[in-house]
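Have the viewer open and follow along.

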Amino acid sequence: MAIDVRKVLPTKINLIRLRREERMLKRIRGVLEEKREVLLHYIRSYAEEYNRYQREVLGRISEVFKEYYIGLSWEGLERVEGYTGGVASTLEVDVASRVLFAVKVPVYKLDKSTVPPPPVALDSHPSLISSFSKLRELLPSILKLAEYEETLRRLIEELRNTQRLINALDYVILPSYSEAIKYIRSVLDQRLREDFIRLKMLKKKLEAVAGARA
């Protein structure tokens, strides 16, 4: 989109066209700058919300593991592995999307029918049963945390792309337009001076011819 000065014909029509395009590009840059500011606002807001939610979820996960290790110490590793050996290793998640300021971000929803019941015997240690039950309840929150992370990643990527466009306008495209306009103006000014000099010389010749005839 940058202009190669060497390939621009120095005509008045091209000068008018380039000036019009330059004004349009400056308006586009203004829109991009506004978009960058809005994206920064969303990123700050989501980062704060993500940090708060992450602390909450990690705190609950820490409590689950404390109970799990208590139960594990009572039941023994071999027995606990026997409980969990037949549990499916995957869960199903419905993935949708929504648009957040022109950025498509994910929406994750756990299919609760694919979540297995706590894989422990009824006579297991209460801490072990409690840890599996609480972890099961935590799955939607963990999924929500992943949604926050992906949303932030996409917003940051969009911010980077927007900044790249602004940089391209600032350091490549707009300077090339400015240089091309400057070049055409200098050529047209030079032509105008040359035409003025030719007309002046022609006038002198005509005056000399008229004087000789008189």
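Ile197 comes out as partly exposed because its relative accessible area is 48%, and the label covers whatever falls between buried (under 20%) and exposed (over 50%), using a 1.4 Å probe and protein chains only. You'll find Ile197 in helix α3; helices here are DSSP runs of H or I with at least four residues, strands are E runs of at least two, and both are numbered from the N terminus. Together with Phe196 and Met201, Ile197 makes a nonpolar surface patch of about 330 Å². For the patch rule, residues need over 30% relative accessible area and no salt bridge, with nonpolar side chains (Val, Leu, Ile, Met, Phe, Trp, Tyr) joined within 5 Å and like charges within 9 Å. The areas are Shrake-Rupley values with a 1.4 Å probe, and for residues only the protein chains shown count as cover.

A word on provenance: this is a predicted model, so to speak of local features pLDDT must be at least 70, side-chain atom pairs count only at pLDDT 80 or more, and totals for chains, interfaces and linings use all residues. Residues are numbered from 1 along each chain as its sequence is written, and side-chain values use heavy atoms, with hydrogens and water left out.

Another isoleucine of helix α3 is Ile181, and this one is buried, because its relative accessible area is 7%. What does Ile181 touch, leaving aside residues up to four places away in sequence? The partners are Leu15, Leu18, Arg19 and Glu22, where contact means heavy atoms within 4.5 Å.

Now for the charges. Side chains of opposite charge can pair when their charged atoms come close. The model holds 13 salt bridges, each being a side-chain nitrogen of Lys or Arg within 4 Å of a carboxyl oxygen of Asp or Glu. Three of them are set out here:

| Pair | N to O distance | Relative accessible area |
|---|---|---|
| Glu21 and Arg17 | 3.2 Å | Glu21 22%, Arg17 33% |
| Glu33 and Arg36 | 3.4 Å | Glu33 31%, Arg36 15% |
| Arg154 and Glu150 | 2.9 Å | Arg154 28%, Glu150 17% |

Glu21 and Arg17 both belong to helix α1 (residues 12-75), four residues apart, or about one turn of the helix. Glu33 and Arg36 are three residues apart in helix α1, so about one helical turn separates them. Over in helix α3 (residues 126-213), Arg154 and Glu150 are four residues apart, again about one turn of the helix.

Is Arg36 buried or exposed? Arg36 counts as buried, because its relative accessibility is 15%. Leaving aside residues up to four places away in sequence, Arg36 touches Leu159, Thr162, Gln163 and Ile166. Arg36 also belongs to a network of salt bridges that links it with Arg29, Glu33, Glu37 and Asp170.

On to the rings. A pair of aromatic rings is described by the distance of the centres and the angle of the planes. There are seven aromatic pairs in the model; Phe, Tyr and Trp rings (the six-membered one for Trp) pair if their centres lie within 6.5 Å, and the planes make them stacked (under 30 degrees), edge-to-face (over 60) or tilted (the rest). One of these pairs is Tyr53 with Tyr148, which is tilted, at 5.6 Å centre to centre and 50 degrees between the planes. That pair links distant parts of the chain, since Tyr53 is in helix α1 and Tyr148 in helix α3, 95 residues apart. Tyr53 is buried at 13% relative accessibility, and Tyr148 is buried with a relative accessible area of 13%.

Phe65 and Tyr68 form an edge-to-face pair, because their planes stand at 80 degrees, with the ring centres 6.4 Å apart. Both lie in helix α1, three residues apart, about one turn of the helix. Phe65 is partly exposed at 40% relative accessibility. Ring pairs also join Phe65, Tyr68, Tyr69 and Phe132 into a cluster.

Back at Tyr148, Lys144 lies over the face of the ring, 5.5 Å from its centre. The rule there is NZ of Lys or CZ of Arg within 6 Å of the ring centre and within 35 degrees of the ring normal.
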